[in-house]
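Student: Could you take me slowly through one part of this structure, namely its salt bridges and the residues that form them?

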Amino acid sequence: MPVSIKTPQEIEKMRIAGRLAGEVLDYIAPFVQAGITTEELDKLCHDYMVDMQGCVPAPLNYAPRGHVPYPKSICTSINHQVCHGVPGDKKLKNGDILNMDITTIKDGFHGDTSRMFYVGEASIQAKRLCESTHEAMWRGIRMIRPGAHLGDIGHSIQSFAEGLGYSVVREFCGHGIGHNFHEEPQVLHYGKPHTGLKLEAGMIFTVEPMINAGKRDIKQLGDGWTVVTKDHSLSAQWEHTVLVTADGFEVLTVSAGSPPPPPV
Ligand code: MF3
Ligand code: CO
Ligand code: CO
């Protein structure tokens, strides 16, 4: 299947789904406190999406090939968890770093975004990793315009992250998104400039780098979903859904509470 070019009508629906996904993160942010469980955060987000937004939480029962159905409505990945952490009954504790990844479906279209949160006071090293990963995502996004290549995005993320002594997870990537949760193209967070797919206006995909403080190696836990660093080093991730426009990009998952992009 080739990479789809969204119609103006589809783009309008993606704007709505994207903003709603961002607004779930705005809503849940004040609840991220020591003592709350990730299951409680999941329930709050689920109810907000369904009852307040009229959305369907895309992760719930999502079952791509080779996976058991995902049992919850959001992903919560703590500390050395890289991605797809399954909410459970463990309480957050002071100093934890948490990624919450929200995917909404509104009117048949998906919005996919994640942010890092600090529980109480995080360490200087943890904050540096989270802020650097945010900047890595934005450095990738800023490469997006018609005529640029996917490798330009990957290269800008990889060179920035590795330049700080971090490593880039290779097994998971950004993805085309629209009527489907995951579609072509695959958006690698590493690569070489001027290589890979050439971008065209109307493409929509996510940029969602996973950056480890230690080595890049990962493993999957027995729940069939949660991914952790092999060396148990901290890992961070940020995600936006982005449209390629005639002269650059439009981030579809920004909302009132999105942290501002880092200065250029
Ligand atoms: N939201 C994730 C992504 O960015 C995918 C989660 S799949 C799930 O692609 F089933 F774990 F929710
Ligand atoms: Co995604
Ligand atoms: Co996501």
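Tutor: At 23% relative accessibility, Asp26 counts as partly exposed, a label for values between buried, under 20% relative accessible area, and exposed, over 50%, with a 1.4 Å probe and protein chains only. This is a predicted model, in which local features need pLDDT of at least 70 and side-chain atom pairs count only at pLDDT 80 or more, while totals for chains, interfaces and linings use all residues. Residues are numbered from 1 along each chain as its sequence is written, chains are lettered from A and ligands numbered from 1 in the order in which they are written, and side-chain values use heavy atoms, with hydrogens and water left out.

Asp26 forms a salt bridge with Arg115, their closest N and O atoms being 2.9 Å apart; the term asks for a side-chain nitrogen of Lys or Arg within 4 Å of a carboxyl oxygen of Asp or Glu. Arg115, at 6% relative accessibility, counts as buried. Because Asp26 lies in helix H1 (residues 8-28) and Arg115 in strand E5 (residues 109-118), the pair ties together parts that are 89 residues apart in sequence; helices (H or I, at least four residues) and strands (E, at least two) are DSSP runs, numbered from the N terminus.

The structure holds 11 salt bridges, and another of them joins Glu135 to Arg139, with the closest N and O atoms 2.9 Å apart. Glu135 is partly exposed at 22% relative accessibility, and Arg139 is partly exposed with a relative accessible area of 37%. Elsewhere, Glu12, Arg15 and Glu250 are joined into one network by salt bridges that share partners.
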